[in-house]
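Here is a briefing for a first look at a structure. Please keep the sequence and the 3D view open while reading.

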Amino acid sequence: QLQLVESGGGLVQPGGSLRLSCAASGYTDYYAIGWFRQAPGKEREGVSCISSSGRTTNYADAVKGRFTISRENGKNTVYLQMNSLKPEDTAIYYCAAARVPVGIVQAMCTMNIHIPYWGQGTQVTVSS
């Protein structure tokens, strides 16, 4: 059983940067990890996902070129570096984990599979 804890959210001006962290209580080497977000009045959506090895990544079109996902398996931690933030990036950001093969990472990011482990979320607000 994994427990996931997000951190690093906050208030930032448009064009600014934040780095989110997702720390897991258990051994994550066999789990793909994803970042998802939910804005007020909108459905939860996938932002970025990374395979268990870290060699395969997937990004939503809205964040490509601005966000970077990475992981340190030795520390059981996954990061989301967010640059050039826009007001429309404002949302609660969640990390989630699923034990899936590398070919299923994109399906995980589009939430087309069951994702059993979720964190509580961290608020990101982009506003001047």
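This is a predicted model: local features need pLDDT of at least 70, side-chain atom pairs count only at pLDDT 80 or more; totals for chains, interfaces and linings use all residues.

Residues are numbered from 1 along each chain as its sequence is written, and side-chain values use heavy atoms, with hydrogens and water left out.

**Cores**

- The largest nonpolar core has 28 residues. Trp35, Phe67, Leu80, Met82 and Tyr93 touch the most other members.
- A nonpolar core is a set of buried Ala, Val, Leu, Ile, Met, Phe, Trp, Tyr and Cys residues joined through side-chain atoms within 4.5 Å. Buried means under 20% relative accessible area, exposed means over 50%, and partly exposed lies in between (1.4 Å probe, protein chains only).
- Strands that give two or more residues to this core include E3 (18-24), E4 (32-38), E5 (45-50) and E7 (67-72). E8 (77-82), E9 (91-98) and E11 (122-126) are also among them.
- Strands (E, at least two residues) are DSSP runs, numbered from the N terminus.
- Setting aside residues up to four places away in sequence, Met82 touches Gly16, Ser17, Leu18, Leu20, Arg66, Phe67, Tyr93 and Val124. Contact means heavy atoms within 4.5 Å.
- A second, separate core holds 10 residues, including Ala32, Val105, Met108 and Cys109.

**Strand pairing around E8**

- E8 is mostly covered, with 5 of its 6 residues buried.
- E3 and E8 pair in the antiparallel sense over 6 bridges. Two strands pair if DSSP finds at least two bridges between them.
- Leu20 has Leu80 in E8 as its bridge partner.
- E7 also pairs with E8 in the antiparallel sense, over 6 bridges. Here Phe67 has Met82 in E8 as its bridge partner.
- E7 and E8 form a hairpin with 4 residues between them. In its turn, Asn76 has a positive phi of about 50 degrees.

**Strand pairing around E5**

- In E5, 5 of the 6 residues are buried, so this strand is largely enclosed by the rest of the structure.
- E4 and E5 run antiparallel and are joined by 5 bridges. They form a hairpin with 6 residues between them, and Gly41 in the turn has a positive phi of about 75 degrees.
- E5 and E6 run antiparallel, joined by 3 bridges. Ile50 has Thr57 in E6 as its bridge partner.
- The E5 and E6 hairpin has 6 residues between its strands. Gly54 in that turn has a positive phi of about 90 degrees.

**Aromatic rings and charges**

- The structure holds 4 aromatic pairs. Rings of Phe, Tyr and Trp (its six-membered ring) pair if their centres lie within 6.5 Å; planes under 30 degrees apart count as stacked, over 60 as edge-to-face and the rest as tilted.
- The ring centres of Tyr27 and Tyr30 are 5.9 Å apart and their planes are at 70 degrees, so this pair is edge-to-face. Tyr27 is exposed at 51% relative accessibility, while Tyr30 is partly exposed at 48%.
- Tyr94 and Trp118 also form an edge-to-face pair, 6.5 Å centre to centre with 80 degrees between the planes. The pair links distant parts of the chain: Tyr94 is in E9, and Trp118 is in E10 (residues 117-118), 24 residues apart.
- Tyr94 is buried at 11% relative accessible area. Trp118 is partly exposed at 26%.
- Ring pairs link Phe36, Tyr94 and Trp118 into a cluster.
- The charged end of Arg44 sits over the ring of Tyr94, 3.9 Å from its centre. The charged end of Arg19 sits over the ring of Tyr79, 4.2 Å from its centre.
- A charge sits over a ring if NZ of Lys or CZ of Arg is within 6 Å of the ring centre and within 35 degrees of the ring normal.

**Arg37**

- Arg37 lies in E4 and is buried, with a relative accessible area of 7%.
- Arg37 stands opposite Glu45 in E5. A polar contact of 2.7 Å joins their side chains.
- Another polar contact, of 2.9 Å, joins the side chains of Arg37 and Tyr93.
- A polar contact is a pair of N or O atoms within 3.5 Å; within protein, one must be able to donate a hydrogen and the other to accept it, and residues adjacent in sequence count only if both atoms are side-chain atoms.

**Thr56**

- Thr56 is in the loop between E5 and E6 (57-59). Its relative accessibility is 27%, which counts as partly exposed.
- Thr56 and Ala32 are 24 residues apart in sequence and 9.5 Å apart in space, C-alpha to C-alpha.
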